[in-house]
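Have a look at the model below, then read on. The text starts where the chains meet and works back from there.

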Amino acid sequence: MIKAKVKADNRICQGDVIQDVDCIETVIEIEGIIEVSKITFPLVIVLTQDCDLEQDHLLRFEQKDTQDKRLISVLVAPLYNAEHVFAGEHLSELGINSQLIKKGKTPGNFLMTNQNPRCHYVEFPKQVNIVPSVIDFKHYFSVHVSYLQELKKGNFICTVSELYREDISQRFASFLSRIGLPNE
Amino acid sequence: MDENGKDFSEEYDPGSVTDTEVKNKEISEYIPEEEEKQEEQYKLGKPRRTVIRAKITHD
């Protein structure tokens with residue numbers, strides 16, 4: 001079980017868990033009709049390094065000659081209900097079928113002990129009202145800083161404590177920097 | 001003018017989509033597509049897709 005704090009900082013922090021976050025898929029305009037397609041994720045966790053987030057926050061309130069440390073966006077990854085992941089149906093509403101992962105068997109055990117490089121299994125403490133969840137590193141996406149800052153005011157759930165958030169970030173970086181080799 | 005002597009200066013009109021036109025666009029209608037089932041599943045923790053269509057009108 002991880003440790004988490006339910007008190008929110010006034011800025012976006014690495015490890016923040018925020019609910020109802022939109023990911024814009026497409027914006028198309030055809031003959032006077034604008035169509036916006038978006039995916040709303042019930043829960044996401046912030047993966048961007050905290051020092052970057054802190055510098056960005058400071059620069060937004062300080063007048064400096066250079067603003068080169070301002071961020072364009074924040075990296076987040078979705079948290080899925082672990083039971084849905086095991087059942088292979090966590091993306092069913094997006095029309096995506098996933099592989100069944102049997103609990104108690106090797107794939108399930110690998111996932112729950114964080115030996116599957118793509119996923120990070122988390123169980124939250126009692127004071128955080130979130131079911132056991134799986135962070136899927138392959139589904140990371142970025143959101144604009146201002147959007148997330150505003151959203152955090154009403155949609156903050158908790159922030160994962162430092163040791164655990166660093167573990168998540170290191171596993172994410174490791175997954176992202178993997179080298180795919182050919183099967184044959 | 002390019003190497004063939006063609007003059008693009010008249011074709012290129014940076015003001016062809018003007019700020020005024022953009023400002024005059026107004027979202028007059030939008031139709032969120034929501035389904036009850038999807039809402040229930042969302043509450044259980046599954047992400048959902050929403051498509052919003054808006055008609056743009058010009059003054």
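Three salt bridges are counted between chain B and chain A, a salt bridge being a side-chain nitrogen of Lys or Arg within 4 Å of a carboxyl oxygen of Asp or Glu. One of the salt bridges in the structure links Arg49(B) with Glu25(A), and the closest N and O atoms sit 2.7 Å apart. Over all chains, the structure holds 14 salt bridges.

A word on the ground rules: this is a predicted model, where local features need pLDDT of at least 70 and side-chain atom pairs count only at pLDDT 80 or more, while totals for chains, interfaces and linings use all residues. Residues are numbered from 1 along each chain as its sequence is written, chains are lettered from A and ligands numbered from 1 in the order in which they are written, and side-chain values use heavy atoms, with hydrogens and water left out.

Back to the interface. Taking contact as heavy atoms within 4.5 Å, 18 residues of chain B touch 23 residues of chain A. The buried area comes to about 2000 Å², and carbon and sulfur atoms give 50% of it; that is accessible area (1.4 Å probe) that two parts lose on being put together, summed over both. On the chain B side, Lys46(B), Pro47(B) and Arg49(B) lose the most area to chain A, together 34% of what that side buries.

There are also twelve residue pairs in polar contact across the interface, both residues at pLDDT 80 or more. The rule asks for a pair of N or O atoms within 3.5 Å; within protein, one must be able to donate a hydrogen and the other to accept it, and residues adjacent in sequence count only if both atoms are side-chain atoms. On chain B, the elements giving two or more residues to this side are helix H2 (36–43) and strand E2 (48–57). E2(B) gives the most, with nine residues. Helices (H or I, at least four residues) and strands (E, at least two) are DSSP runs, numbered from the N terminus.

Which strands pair up, and in what sense? Pairing needs at least two DSSP bridges between two strands.

| Strand | Partner | Bridges | One residue pair |
|---|---|---|---|
| E3(A), residues 33–46 | E2(B) | eight bridges | Ile33(A) and Lys55(B) |
| E2(A) | E3(A) | twelve bridges | Ile28(A) and Glu35(A) |
| E2(A), residues 16–30 | E8(A), residues 156–160 | three bridges | Asp16(A) and Thr159(A) |

The hairpin of E2(A) and E3(A) has two residues between the strands, and Glu31(A) there takes a positive phi near 45 degrees.

As for chain A overall, its secondary structure comes to five helices and eight strands, in the order β-β-β-α-β-α-α-β-β-β-α-β-α along the sequence. The C-alpha trace spans about 55 × 50 × 40 Å along its principal axes. With 184 residues, a compact globule would have a radius of gyration near 16 Å, so the 18 Å of chain A agrees. That radius is taken over C-alpha atoms, and the globule rule is 2.2 Å times the number of residues to the power 0.38.
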